[in-house]
Structure formats: C-alpha cells, structure tokens
Amino acid sequence: MDIKEKFGQRLRFLRKEKGLSQEELAEKSGLNRPYISAIEQGKRNVSLEVMEKLAGALGLEINYFFKE
C-alpha cells in the first residue's frame with residue numbers, strides 16, 4: 001500500500017468518524033465530491049494546502065492524518 005492509499009484510508013476513517021458524507025466534507029472544505037472520492041481511493045496526490053482544508057473541515061489538526 002502506498003502513501004496515497006494510506007492517506008485516503010485515513011481520510012475516509014476520519015470522515016466517517018465525524019459522521020460526514022463525501023458531499024458534506026466537500027462542501028465544508030471547498031473541494032468537490034469527485035476529488036474527495038479520488039483521494040479516498042488513493043488516486044490523487046494531495047498537497048499540504050488540500051490537507052489543511054480537509055483537516056479544517058473535519059475540525060482537526062493536520063497531524064491527525066498521520067496518527068494511527
């Protein structure tokens with residue numbers, strides 16, 4: 001499993017833990033739903049700026065993406 005897949009799985013876990021759909025996360029983060037889906041599938045290489053948007057939308061610090 002590569003880093004994109006690991007990040008995608010972590011994002012999916014955190015999103016579901018917060019009870020959000022991909023659409024809701026997209027709306028809160030200012031990203032679009034297909035992009036969120038591609039990230040969760042490990043198909044997109046995510047920038048630090050996007051990580052920051054996702055963390056903010058989830059109400060988390062960016063470091064939560066890297067905790068087990």
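## Terms and model

Helices here are DSSP runs of H or I with at least four residues, and they are numbered from the N terminus, as are strands, which are E runs of at least two residues. By this rule, helix 2 is followed by Gly30, whose phi is positive, near 80 degrees.

The structure is a predicted model, in which local features need pLDDT of at least 70 and side-chain atom pairs count only at pLDDT 80 or more, while totals for chains, interfaces and linings use all residues. Residues are numbered from 1 along each chain as its sequence is written, and side-chain values use heavy atoms, with hydrogens and water left out.

## Helix 2

Gln22, Leu25, Ala26 and Ser29 are the buried residues of helix 2, where buried means under 20% relative accessible area, exposed over 50%, and partly exposed in between, with a 1.4 Å probe and protein chains only. These residues cover an arc of only 100 degrees around the axis, which puts them on the same side of helix 2; the arc is that of the directions from the helix axis to the C-beta atoms.

The cover over the buried residues of helix 2 includes helix 1, helix 3 and helix 4, whereas the face turned away from the buried side carries the exposed residues Glu27 and Lys28.

## Helix 4

Helix 4 spans residues 48-58, and its buried residues are Val50, Met51, Leu54, Ala55, Ala57 and Leu58. Seen down the axis of helix 4, the buried residues fall within an arc of 160 degrees, so they line one face of the helix. They pack against helix 1 (3-17), helix 2 (22-29) and helix 3 (33-40).

On the face of helix 4 turned away from its buried side are the exposed residues Leu48, Glu49, Glu52 and Gly56. After helix 4 comes Gly59, whose phi is positive, near 70 degrees.

## The nonpolar core

A nonpolar core is a set of buried Ala, Val, Leu, Ile, Met, Phe, Trp, Tyr and Cys residues joined through side-chain atoms within 4.5 Å. The largest one has 19 residues, of which Leu25, Ile39, Leu54, Leu58 and Phe65 touch the most other members. Helix 1, helix 2, helix 3 and helix 4 each supply at least two residues of this core, and helix 4 gives the most, with six residues.

Leaving aside its neighbours within four places in sequence, Leu58 is in contact (heavy atoms within 4.5 Å) with Leu11, Leu14, Arg15, Lys18, Leu20, Leu25 and Phe65.
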